[in-house]
Amino acid sequence: MSLHTLDAVDAARAIREKVLSPVDLVEALLERIERIDGRIQAWALVDRDGARRAARQATDEAARGTFRGPLHGVPFGAKDIFYSAGLRTEAGSKAMADFVPDYDATSVARLKAAGAILLGKLHTTEFATTDPAPTRNPWSLVCTPGGSSSGSAAAVAARMIPLAFGTQTIGSNVRPASYCGLVGVKPTFGRISTRGVIPLSYTQDHVGLMARSVEDVALALSVAAGHDPDDPSSSRVPVPDYLAGLTRRRAPRIGLLREFFERAGADVADITAQAVNRLARAGAQIEEAKMPPTFRAVAAAAYVITRSETASAHAERFALKADLYRPGIRSSIEMGMVIPGDLYVRALRIRRQFRREMRPLLERYDCLLTPTTPTPAPEGMATGDASFQLPWSISGLPSITVPCGLTTSGLPLGIQLVSGQFTEAPLLAAAAWCEDILGRASAPSL
Amino acid sequence: MDREGLRAEYAACLRAAAERRLGAARAQELAQTIEDCAGWLTEVATFPLGVDEAPAFYLEAES
(Lines give C-alpha, C1' and ligand atoms only; values in the text may rest on other atoms or scores of the structure.)
Protein backbone atom coordinates (compact mmCIF):
# COMPACT_ATOMS: atom_id res chain seq x y z
CA MET A 1 0.00 0.00 0.00
CA SER A 2 1.26 3.50 -0.81
CA LEU A 3 1.77 5.40 2.41
CA HIS A 4 -0.08 8.49 1.19
CA THR A 5 -3.32 6.47 1.07
CA LEU A 6 -3.23 5.60 4.78
CA ASP A 7 -6.11 6.94 6.82
CA ALA A 8 -5.43 8.60 10.17
CA VAL A 9 -6.53 5.74 12.44
CA ASP A 10 -4.54 3.19 10.43
CA ALA A 11 -1.45 5.41 10.36
CA ALA A 12 -1.66 6.04 14.11
CA ARG A 13 -1.96 2.31 14.77
CA ALA A 14 0.96 1.45 12.48
CA ILE A 15 3.15 4.08 14.15
CA ARG A 16 2.26 2.78 17.61
CA GLU A 17 3.04 -0.78 16.48
CA LYS A 18 6.36 0.53 15.12
CA VAL A 19 5.71 -0.75 11.60
CA LEU A 20 5.53 2.80 10.22
CA SER A 21 7.81 5.73 10.89
CA PRO A 22 6.39 9.29 10.95
CA VAL A 23 9.40 10.35 8.86
CA ASP A 24 8.43 7.94 6.07
CA LEU A 25 4.80 9.00 6.24
CA VAL A 26 5.61 12.72 6.08
CA GLU A 27 8.02 12.16 3.19
CA ALA A 28 5.39 10.18 1.27
CA LEU A 29 2.87 12.98 1.70
CA LEU A 30 5.36 15.70 0.75
CA GLU A 31 6.20 13.72 -2.38
CA ARG A 32 2.50 13.36 -3.16
CA ILE A 33 1.98 17.11 -2.73
CA GLU A 34 4.98 17.83 -4.94
CA ARG A 35 3.58 15.57 -7.64
CA ILE A 36 -0.07 16.62 -7.82
CA ASP A 37 -0.74 19.90 -6.03
CA GLY A 38 0.20 21.93 -9.07
CA ARG A 39 -3.10 20.75 -10.55
CA ILE A 40 -5.21 20.80 -7.38
CA GLN A 41 -3.82 23.91 -5.63
CA ALA A 42 -5.01 22.87 -2.20
CA TRP A 43 -2.06 24.19 -0.21
CA ALA A 44 -1.47 27.83 0.66
CA LEU A 45 1.74 26.89 2.48
CA VAL A 46 3.57 23.58 2.98
CA ASP A 47 5.80 23.65 6.04
CA ARG A 48 8.35 21.13 4.78
CA ASP A 49 11.05 21.98 7.29
CA GLY A 50 8.74 22.12 10.28
CA ALA A 51 6.96 18.89 9.35
CA ARG A 52 10.25 17.05 8.80
CA ARG A 53 11.57 18.30 12.12
CA ALA A 54 8.41 17.20 13.94
CA ALA A 55 8.46 13.84 12.13
CA ARG A 56 12.05 13.15 13.18
CA GLN A 57 11.15 13.95 16.76
CA ALA A 58 8.02 11.77 16.62
CA THR A 59 10.04 8.93 15.12
CA ASP A 60 12.69 9.19 17.85
CA GLU A 61 10.04 9.25 20.55
CA ALA A 62 8.24 6.23 19.08
CA ALA A 63 11.50 4.32 18.97
CA ARG A 64 11.84 4.97 22.71
CA GLY A 65 8.25 3.87 23.28
CA THR A 66 7.06 7.40 24.01
CA PHE A 67 3.79 8.43 22.41
CA ARG A 68 2.38 11.90 22.96
CA GLY A 69 -1.20 10.88 22.28
CA PRO A 70 -3.58 9.06 19.96
CA LEU A 71 -2.41 10.96 16.84
CA HIS A 72 1.31 10.49 17.43
CA GLY A 73 3.11 11.07 14.13
CA VAL A 74 -0.04 11.56 12.05
CA PRO A 75 0.08 14.59 9.72
CA PHE A 76 -2.81 17.02 9.38
CA GLY A 77 -3.59 20.27 7.58
CA ALA A 78 -5.46 23.38 8.69
CA LYS A 79 -7.49 25.84 6.68
CA ASP A 80 -5.58 29.07 6.34
CA ILE A 81 -7.77 30.95 8.82
CA PHE A 82 -6.37 28.90 11.74
CA TYR A 83 -3.51 30.60 13.55
CA SER A 84 -0.31 28.59 13.36
CA ALA A 85 2.64 29.86 15.38
CA GLY A 86 5.45 31.04 13.12
CA LEU A 87 3.62 30.18 9.89
CA ARG A 88 1.98 32.68 7.54
CA THR A 89 -1.80 32.81 7.99
CA GLU A 90 -3.36 34.87 5.22
CA ALA A 91 -7.02 33.78 5.04
CA GLY A 92 -6.90 34.00 1.26
CA SER A 93 -6.75 37.78 1.51
CA LYS A 94 -4.33 40.49 0.47
CA ALA A 95 -5.48 42.30 3.60
CA MET A 96 -3.66 39.60 5.62
CA ALA A 97 -0.53 39.37 3.47
CA ASP A 98 2.50 38.10 5.38
CA PHE A 99 0.66 37.91 8.70
CA VAL A 100 2.45 35.45 11.00
CA PRO A 101 0.68 34.64 14.28
CA ASP A 102 2.71 33.92 17.38
CA TYR A 103 0.45 31.21 18.75
CA ASP A 104 -1.51 28.20 17.51
CA ALA A 105 -5.29 28.13 17.38
CA THR A 106 -6.47 26.01 20.32
CA SER A 107 -7.69 23.30 17.94
CA VAL A 108 -4.31 23.13 16.18
CA ALA A 109 -2.51 23.10 19.52
CA ARG A 110 -4.68 20.22 20.75
CA LEU A 111 -3.89 18.06 17.74
CA LYS A 112 -0.20 18.84 18.09
CA ALA A 113 -0.32 17.97 21.80
CA ALA A 114 -1.81 14.60 20.82
CA GLY A 115 1.24 14.00 18.61
CA ALA A 116 -0.14 15.12 15.25
CA ILE A 117 2.14 16.95 12.80
CA LEU A 118 0.98 20.14 11.07
CA LEU A 119 2.00 19.73 7.43
CA GLY A 120 0.80 23.15 6.31
CA LYS A 121 -2.03 25.53 5.60
CA LEU A 122 -4.87 24.92 3.16
CA HIS A 123 -6.48 27.39 0.80
CA THR A 124 -9.70 29.10 1.82
CA THR A 125 -12.06 31.46 0.10
CA GLU A 126 -11.26 34.97 1.24
CA PHE A 127 -11.96 35.15 4.98
CA ALA A 128 -14.11 32.00 4.61
CA THR A 129 -16.81 33.75 2.57
CA THR A 130 -17.52 33.52 -1.17
CA ASP A 131 -14.56 34.96 -3.12
CA PRO A 132 -13.07 31.70 -4.34
CA ALA A 133 -9.78 29.97 -3.60
CA PRO A 134 -7.73 28.70 -6.58
CA THR A 135 -8.36 25.07 -5.53
CA ARG A 136 -9.90 22.51 -7.90
CA ASN A 137 -11.92 19.39 -7.16
CA PRO A 138 -9.77 16.21 -7.42
CA TRP A 139 -12.75 14.33 -8.90
CA SER A 140 -12.99 16.78 -11.79
CA LEU A 141 -10.62 19.68 -12.20
CA VAL A 142 -13.28 21.81 -13.89
CA CYS A 143 -15.41 21.67 -10.74
CA THR A 144 -15.18 23.53 -7.46
CA PRO A 145 -14.23 21.52 -4.38
CA GLY A 146 -16.75 23.70 -2.58
CA GLY A 147 -15.92 26.30 -0.03
CA SER A 148 -14.98 27.96 2.01
CA SER A 149 -12.80 25.06 3.24
CA SER A 150 -11.73 24.37 -0.35
CA GLY A 151 -8.13 23.30 0.21
CA SER A 152 -9.01 21.12 3.21
CA ALA A 153 -11.49 19.04 1.20
CA ALA A 154 -9.35 18.79 -1.92
CA ALA A 155 -6.17 17.84 -0.04
CA VAL A 156 -7.83 15.04 1.91
CA ALA A 157 -9.63 13.70 -1.17
CA ALA A 158 -6.43 13.77 -3.23
CA ARG A 159 -4.59 11.75 -0.56
CA MET A 160 -2.18 14.59 0.21
CA ILE A 161 -3.18 14.48 3.90
CA PRO A 162 -5.42 12.11 5.88
CA LEU A 163 -7.06 14.73 8.06
CA ALA A 164 -7.81 18.44 7.92
CA PHE A 165 -9.52 21.20 9.84
CA GLY A 166 -12.16 23.27 8.10
CA THR A 167 -14.71 25.71 9.44
CA GLN A 168 -18.40 26.24 8.90
CA THR A 169 -20.39 29.43 9.40
CA ILE A 170 -23.12 28.59 6.87
CA GLY A 171 -22.04 25.50 4.86
CA SER A 172 -18.28 25.57 4.54
CA ASN A 173 -17.14 22.25 6.04
CA VAL A 174 -19.83 19.66 5.35
CA ARG A 175 -20.54 20.84 1.79
CA PRO A 176 -16.95 20.72 0.45
CA ALA A 177 -16.43 17.39 2.21
CA SER A 178 -19.40 16.00 0.31
CA TYR A 179 -18.37 17.52 -3.02
CA CYS A 180 -15.03 15.74 -2.61
CA GLY A 181 -16.34 12.34 -1.43
CA LEU A 182 -15.30 12.69 2.21
CA VAL A 183 -16.68 12.38 5.69
CA GLY A 184 -17.03 15.85 7.19
CA VAL A 185 -18.32 16.70 10.64
CA LYS A 186 -19.52 20.01 12.00
CA PRO A 187 -19.97 19.46 15.73
CA THR A 188 -22.26 21.37 18.07
CA PHE A 189 -21.53 25.08 18.42
CA GLY A 190 -19.01 25.47 21.23
CA ARG A 191 -17.74 21.86 21.00
CA ILE A 192 -14.37 22.79 19.46
CA SER A 193 -12.75 26.05 20.47
CA THR A 194 -12.65 28.82 17.88
CA ARG A 195 -9.85 30.71 19.63
CA GLY A 196 -7.18 31.56 17.09
CA VAL A 197 -9.53 31.03 14.15
CA ILE A 198 -10.11 34.28 12.24
CA PRO A 199 -13.76 35.05 12.98
CA LEU A 200 -16.50 35.60 10.45
CA SER A 201 -19.62 35.32 12.61
CA TYR A 202 -19.02 35.03 16.34
CA THR A 203 -22.21 33.14 17.11
CA GLN A 204 -22.18 30.84 14.09
CA ASP A 205 -18.53 29.96 13.48
CA HIS A 206 -17.81 26.25 13.99
CA VAL A 207 -14.53 24.37 13.66
CA GLY A 208 -15.05 21.16 11.68
CA LEU A 209 -13.06 18.17 10.54
CA MET A 210 -12.69 16.26 7.29
CA ALA A 211 -11.27 12.80 6.70
CA ARG A 212 -11.92 9.70 4.62
CA SER A 213 -13.73 7.69 7.29
CA VAL A 214 -16.04 8.18 10.24
CA GLU A 215 -13.41 6.55 12.45
CA ASP A 216 -10.90 9.23 11.53
CA VAL A 217 -13.17 12.18 12.29
CA ALA A 218 -14.24 10.49 15.54
CA LEU A 219 -10.64 10.14 16.67
CA ALA A 220 -9.75 13.71 15.71
CA LEU A 221 -12.90 15.12 17.31
CA SER A 222 -12.07 13.35 20.59
CA VAL A 223 -8.77 15.21 20.58
CA ALA A 224 -9.91 18.61 19.29
CA ALA A 225 -13.08 19.02 21.38
CA GLY A 226 -13.28 20.36 24.89
CA HIS A 227 -13.57 23.47 26.98
CA ASP A 228 -11.29 26.41 26.29
CA PRO A 229 -11.38 29.17 28.91
CA ASP A 230 -10.08 31.62 26.31
CA ASP A 231 -13.09 31.12 24.03
CA PRO A 232 -16.28 32.71 25.43
CA SER A 233 -18.48 30.37 23.38
CA SER A 234 -16.67 27.19 24.41
CA SER A 235 -18.81 24.57 26.12
CA ARG A 236 -18.00 22.73 29.36
CA VAL A 237 -19.99 19.65 28.36
CA PRO A 238 -17.68 16.65 28.89
CA VAL A 239 -16.09 15.10 25.80
CA PRO A 240 -16.60 11.34 25.45
CA ASP A 241 -14.27 9.01 23.57
CA TYR A 242 -15.98 9.26 20.20
CA LEU A 243 -13.85 6.55 18.63
CA ALA A 244 -14.71 4.04 21.36
CA GLY A 245 -18.36 5.04 20.91
CA LEU A 246 -18.33 3.69 17.38
CA THR A 247 -18.33 0.15 18.76
CA ARG A 248 -21.96 0.79 19.77
CA ARG A 249 -23.16 1.24 16.21
CA ARG A 250 -26.61 -0.13 15.40
CA ALA A 251 -29.35 0.48 12.87
CA PRO A 252 -30.66 3.97 13.73
CA ARG A 253 -34.12 5.52 13.77
CA ILE A 254 -33.97 8.11 11.00
CA GLY A 255 -36.27 11.03 10.25
CA LEU A 256 -36.24 11.73 6.53
CA LEU A 257 -36.61 15.45 5.78
CA ARG A 258 -38.63 15.41 2.59
CA GLU A 259 -38.36 19.21 2.07
CA PHE A 260 -34.68 18.79 1.22
CA PHE A 261 -35.28 15.98 -1.26
CA GLU A 262 -37.84 18.16 -3.04
CA ARG A 263 -35.29 20.96 -3.39
CA ALA A 264 -32.54 18.66 -4.69
CA GLY A 265 -31.74 18.05 -8.34
CA ALA A 266 -33.13 14.87 -9.90
CA ASP A 267 -29.83 12.97 -9.86
CA VAL A 268 -29.18 13.86 -6.23
CA ALA A 269 -32.72 12.94 -5.16
CA ASP A 270 -32.51 9.60 -7.03
CA ILE A 271 -29.10 8.54 -5.74
CA THR A 272 -29.88 9.64 -2.19
CA ALA A 273 -33.21 7.80 -2.29
CA GLN A 274 -31.39 4.65 -3.41
CA ALA A 275 -28.99 5.04 -0.48
CA VAL A 276 -31.95 5.48 1.90
CA ASN A 277 -33.51 2.27 0.53
CA ARG A 278 -30.28 0.41 1.21
CA LEU A 279 -30.23 1.71 4.77
CA ALA A 280 -33.86 0.65 5.24
CA ARG A 281 -33.19 -2.85 3.85
CA ALA A 282 -30.27 -3.14 6.29
CA GLY A 283 -32.57 -2.43 9.23
CA ALA A 284 -32.75 1.34 9.71
CA GLN A 285 -36.19 2.52 10.83
CA ILE A 286 -36.98 5.37 8.47
CA GLU A 287 -39.95 7.73 8.68
CA GLU A 288 -40.73 10.95 6.91
CA ALA A 289 -40.34 14.01 9.14
CA LYS A 290 -41.34 17.61 8.60
CA MET A 291 -39.36 20.73 9.39
CA PRO A 292 -41.00 23.19 11.84
CA PRO A 293 -42.60 26.50 10.74
CA THR A 294 -39.59 28.69 11.60
CA PHE A 295 -37.53 26.81 8.98
CA ARG A 296 -39.03 29.31 6.52
CA ALA A 297 -37.20 32.23 8.14
CA VAL A 298 -33.81 30.73 8.96
CA ALA A 299 -32.10 31.74 5.70
CA ALA A 300 -33.10 35.38 6.22
CA ALA A 301 -32.06 35.25 9.86
CA ALA A 302 -28.70 33.70 8.98
CA TYR A 303 -28.11 36.41 6.36
CA VAL A 304 -28.75 39.16 8.88
CA ILE A 305 -26.72 37.55 11.67
CA THR A 306 -23.66 36.75 9.55
CA ARG A 307 -23.53 40.13 7.80
CA SER A 308 -23.88 42.02 11.08
CA GLU A 309 -21.25 39.94 12.87
CA THR A 310 -18.86 39.95 9.90
CA ALA A 311 -18.99 43.75 9.87
CA SER A 312 -18.12 43.80 13.56
CA ALA A 313 -15.35 41.19 13.27
CA HIS A 314 -13.70 43.05 10.39
CA ALA A 315 -14.35 46.63 11.48
CA GLU A 316 -10.81 47.67 12.40
CA ARG A 317 -9.04 45.92 9.50
CA PHE A 318 -11.66 47.02 6.98
CA ALA A 319 -11.35 50.65 8.04
CA LEU A 320 -7.68 50.53 7.08
CA LYS A 321 -7.65 48.13 4.12
CA ALA A 322 -11.08 48.12 2.44
CA ASP A 323 -9.50 48.34 -1.00
CA LEU A 324 -7.66 45.05 -0.44
CA TYR A 325 -10.87 43.11 0.13
CA ARG A 326 -12.40 41.22 -2.79
CA PRO A 327 -15.99 42.00 -3.88
CA GLY A 328 -17.92 39.27 -2.02
CA ILE A 329 -16.53 39.79 1.45
CA ARG A 330 -16.41 43.56 0.93
CA SER A 331 -20.11 43.87 0.15
CA SER A 332 -20.96 41.49 3.04
CA ILE A 333 -19.13 43.76 5.46
CA GLU A 334 -20.67 46.87 3.99
CA MET A 335 -24.20 45.49 4.28
CA GLY A 336 -23.46 44.42 7.84
CA MET A 337 -22.49 48.01 8.60
CA VAL A 338 -25.97 49.29 7.70
CA ILE A 339 -28.33 46.53 8.91
CA PRO A 340 -30.48 47.96 11.75
CA GLY A 341 -29.62 46.63 15.21
CA ASP A 342 -33.22 45.75 16.09
CA LEU A 343 -33.40 43.37 13.14
CA TYR A 344 -30.11 41.73 14.11
CA VAL A 345 -31.58 40.98 17.53
CA ARG A 346 -34.84 39.81 15.95
CA ALA A 347 -32.82 37.40 13.78
CA LEU A 348 -31.22 36.02 16.95
CA ARG A 349 -34.71 35.51 18.38
CA ILE A 350 -35.78 33.66 15.23
CA ARG A 351 -32.73 31.44 15.66
CA ARG A 352 -33.73 30.55 19.21
CA GLN A 353 -37.32 29.85 18.20
CA PHE A 354 -36.06 27.54 15.44
CA ARG A 355 -33.84 25.64 17.88
CA ARG A 356 -36.76 25.22 20.26
CA GLU A 357 -39.06 24.01 17.50
CA MET A 358 -36.44 21.49 16.31
CA ARG A 359 -36.15 19.82 19.72
CA PRO A 360 -39.17 17.45 19.54
CA LEU A 361 -38.11 16.30 16.10
CA LEU A 362 -34.59 15.58 17.29
CA GLU A 363 -35.89 13.69 20.33
CA ARG A 364 -38.04 11.42 18.15
CA TYR A 365 -35.14 10.11 16.03
CA ASP A 366 -31.50 9.14 16.40
CA CYS A 367 -30.82 11.48 13.51
CA LEU A 368 -32.42 13.38 10.66
CA LEU A 369 -31.33 12.71 7.08
CA THR A 370 -31.09 14.94 4.02
CA PRO A 371 -29.06 14.87 0.82
CA THR A 372 -25.91 16.78 1.75
CA THR A 373 -26.15 19.11 -1.23
CA PRO A 374 -28.83 19.96 -3.81
CA THR A 375 -26.42 19.19 -6.67
CA PRO A 376 -22.98 17.64 -7.09
CA ALA A 377 -20.01 20.01 -7.21
CA PRO A 378 -20.74 22.63 -9.86
CA GLU A 379 -18.31 23.55 -12.61
CA GLY A 380 -16.45 26.85 -12.40
CA MET A 381 -15.16 28.84 -9.47
CA ALA A 382 -18.34 29.57 -7.47
CA THR A 383 -18.33 27.31 -4.42
CA GLY A 384 -21.86 25.92 -4.58
CA ASP A 385 -25.12 26.00 -2.66
CA ALA A 386 -24.91 25.96 1.15
CA SER A 387 -28.65 25.93 1.81
CA PHE A 388 -28.75 22.32 3.08
CA GLN A 389 -26.17 23.13 5.77
CA LEU A 390 -27.54 26.52 6.79
CA PRO A 391 -30.26 25.35 9.24
CA TRP A 392 -27.73 23.31 11.26
CA SER A 393 -25.18 26.11 11.28
CA ILE A 394 -27.64 28.74 12.47
CA SER A 395 -29.00 26.38 15.12
CA GLY A 396 -25.58 25.08 16.18
CA LEU A 397 -26.70 21.46 15.82
CA PRO A 398 -24.14 18.78 14.93
CA SER A 399 -24.16 17.40 11.40
CA ILE A 400 -22.06 15.01 9.39
CA THR A 401 -21.83 13.96 5.75
CA VAL A 402 -21.09 10.42 4.63
CA PRO A 403 -20.50 9.51 0.95
CA CYS A 404 -23.43 7.71 -0.65
CA GLY A 405 -22.51 7.27 -4.31
CA LEU A 406 -21.37 8.87 -7.55
CA THR A 407 -23.36 10.62 -10.24
CA THR A 408 -23.22 9.31 -13.80
CA SER A 409 -20.54 11.92 -14.45
CA GLY A 410 -18.47 10.50 -11.60
CA LEU A 411 -18.95 13.20 -8.97
CA PRO A 412 -19.46 12.20 -5.33
CA LEU A 413 -22.65 12.76 -3.37
CA GLY A 414 -23.36 12.39 0.33
CA ILE A 415 -26.08 11.97 2.90
CA GLN A 416 -26.18 14.48 5.73
CA LEU A 417 -27.16 13.35 9.23
CA VAL A 418 -28.18 15.80 11.96
CA SER A 419 -28.84 15.26 15.67
CA GLY A 420 -29.44 17.14 18.92
CA GLN A 421 -26.83 19.35 20.51
CA PHE A 422 -23.87 17.55 22.07
CA THR A 423 -25.06 14.20 20.72
CA GLU A 424 -21.99 13.73 18.54
CA ALA A 425 -21.35 10.24 19.96
CA PRO A 426 -24.62 8.68 18.76
CA LEU A 427 -24.45 10.78 15.57
CA LEU A 428 -21.02 9.37 14.74
CA ALA A 429 -22.21 5.85 15.58
CA ALA A 430 -25.16 6.29 13.20
CA ALA A 431 -22.82 7.69 10.54
CA ALA A 432 -20.46 4.73 10.96
CA TRP A 433 -23.37 2.33 10.61
CA CYS A 434 -24.45 4.10 7.40
CA GLU A 435 -20.85 4.02 6.15
CA ASP A 436 -20.77 0.26 6.74
CA ILE A 437 -23.87 -0.15 4.58
CA LEU A 438 -23.06 2.37 1.85
CA GLY A 439 -19.31 1.78 1.66
CA ARG A 440 -16.56 4.36 1.57
CA ALA A 441 -15.99 6.56 -1.46
CA SER A 442 -13.29 5.35 -3.80
CA ALA A 443 -10.31 7.59 -4.56
CA PRO A 444 -10.42 10.06 -7.45
CA SER A 445 -8.06 9.12 -10.27
CA LEU A 446 -5.34 11.71 -10.58
CA MET B 1 -47.85 48.66 5.93
CA ASP B 2 -47.94 45.80 3.45
CA ARG B 3 -44.95 43.56 2.84
CA GLU B 4 -43.88 45.29 -0.40
CA GLY B 5 -44.15 48.71 1.26
CA LEU B 6 -42.01 47.51 4.14
CA ARG B 7 -39.42 46.10 1.76
CA ALA B 8 -39.26 49.43 -0.10
CA GLU B 9 -38.87 51.28 3.20
CA TYR B 10 -36.00 49.02 4.27
CA ALA B 11 -34.32 49.48 0.88
CA ALA B 12 -34.57 53.26 1.26
CA CYS B 13 -33.16 53.13 4.80
CA LEU B 14 -30.28 50.88 3.74
CA ARG B 15 -29.52 53.12 0.76
CA ALA B 16 -29.45 56.23 2.96
CA ALA B 17 -27.21 54.52 5.52
CA ALA B 18 -24.89 53.24 2.80
CA GLU B 19 -24.61 56.72 1.28
CA ARG B 20 -23.80 58.16 4.67
CA ARG B 21 -21.21 55.54 5.65
CA LEU B 22 -19.78 54.45 2.31
CA GLY B 23 -20.41 57.40 0.00
CA ALA B 24 -22.95 57.88 -2.75
CA ALA B 25 -20.86 56.21 -5.45
CA ARG B 26 -20.35 53.03 -3.44
CA ALA B 27 -24.02 52.97 -2.39
CA GLN B 28 -24.92 53.08 -6.07
CA GLU B 29 -22.60 50.14 -6.78
CA LEU B 30 -24.36 48.21 -4.03
CA ALA B 31 -27.86 48.88 -5.40
CA GLN B 32 -28.71 45.23 -6.12
CA THR B 33 -27.17 43.99 -2.85
CA ILE B 34 -29.24 46.58 -1.00
CA GLU B 35 -32.41 45.32 -2.70
CA ASP B 36 -31.55 41.72 -1.75
CA CYS B 37 -30.80 42.73 1.82
CA ALA B 38 -34.09 44.58 2.08
CA GLY B 39 -35.83 41.34 1.16
CA TRP B 40 -34.07 39.45 3.95
CA LEU B 41 -34.85 42.19 6.45
CA THR B 42 -38.52 42.09 5.49
CA GLU B 43 -38.62 38.35 6.10
CA VAL B 44 -36.97 38.78 9.50
CA ALA B 45 -39.23 41.67 10.44
CA THR B 46 -42.51 40.01 9.46
CA PHE B 47 -41.96 36.40 10.49
CA PRO B 48 -44.28 35.56 13.41
CA LEU B 49 -42.20 35.35 16.54
CA GLY B 50 -43.22 34.49 20.08
CA VAL B 51 -43.29 37.66 22.18
CA ASP B 52 -41.42 35.85 24.96
CA GLU B 53 -38.73 34.55 22.61
CA ALA B 54 -35.46 36.02 23.89
CA PRO B 55 -32.39 36.16 21.66
CA ALA B 56 -29.75 33.44 21.78
CA PHE B 57 -26.36 35.05 21.58
CA TYR B 58 -23.86 32.32 22.27
CA LEU B 59 -26.46 29.61 21.72
CA GLU B 60 -26.65 28.51 25.35
CA ALA B 61 -23.76 26.09 25.36
CA GLU B 62 -25.47 24.10 28.18
CA SER B 63 -22.30 24.33 30.17
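Predicted model: local features only at pLDDT ≥ 70, side-chain atom pairs only at ≥ 80, totals over all residues.
**Salt bridges**

- Over all chains, a search of the whole structure finds 27 salt bridges.
- In chain B, the side chains of Glu35(B) and Arg7(B) form a salt bridge at 2.7 Å, N to O.
- This pair links distant parts of the chain, 28 residues apart, with Glu35(B) in helix 3 (residues 31-46) of chain B and Arg7(B) in helix 1 (residues 3-22) of chain B.
- Both partners count as partly exposed, Glu35(B) at 27% relative accessibility and Arg7(B) with a relative accessible area of 23%.
- A network of salt bridges links Asp7(A), Arg212(A), Glu435(A) and Arg440(A).

**Strand 3 of chain A and its neighbours**

- Strand 3 (residues 117-122) of chain A is mostly covered, with six of its six residues buried.
- Strand 1 (residues 43-46) of chain A runs antiparallel to strand 3 and is joined to it by three bridges, and within this region Leu45(A) stands opposite Lys121(A) of strand 3.
- Strand 2 (residues 75-79) of chain A, by contrast, runs parallel to strand 3, with five bridges between them, and Gly77(A) stands opposite Gly120(A) of strand 3.
- From strand 2 of chain A the chain passes through helix 4 (residues 106-113) to strand 3, in a β-α-β crossover that is right-handed.

**The largest pocket**

- The volume of the largest pocket is about 740 Å³, and its lining consists of 34 residues, of which Thr130(A), Ile170(A), Arg307(A), Ala386(A) and Leu390(A) lie nearest the centre.
- Two or more lining residues each come from helix 11 (298-321), helix 12 and helix 14 (390-395) of chain A and from helix 3 of chain B, while the largest share, seven residues, belongs to helix 11 of chain A.
- By residue class, the lining divides into 13 nonpolar, 16 polar and five charged residues.

**The second largest pocket**

- The second largest pocket has a volume of about 340 Å³; among the 18 residues that line it, Gly50(A), Ala54(A), Lys112(A), Ala116(A) and Leu118(A) are the closest to its centre.
- The elements that give two or more residues to this lining are helix 3 (48-63) and strand 3 of chain A, and helix 3 of chain A provides the largest share, seven residues.
- The lining of the second largest pocket is made up of eight nonpolar, five polar and five charged residues.

Methods
Residues numbered from 1 in each chain as written. Chains lettered and ligands numbered in written order. Heavy atoms only, no water. Salt bridge = Lys/Arg side-chain N within 4 Å of Asp/Glu carboxyl O. Helix = DSSP H or I, 4+ residues; strand = E, 2+ residues; numbered from the N terminus. Buried < 20%, exposed > 50% of the residue type's maximum accessible area, 1.4 Å probe, protein only. Pairing = 2+ DSSP bridges. Right-handed = clockwise from strand over helix to strand, strands pointing away. 1 Å grid on protein atoms, 1.4 Å probe; cavity = no way out; pocket = protein on both sides within 12 Å on 5 of 7 lines; lining within 4 Å. Points joined across faces, edges and corners; volume = space filled by probe spheres on them. Nonpolar A, V, L, I, M, F, W, Y, C, P; charged D, E, K, R; others polar.
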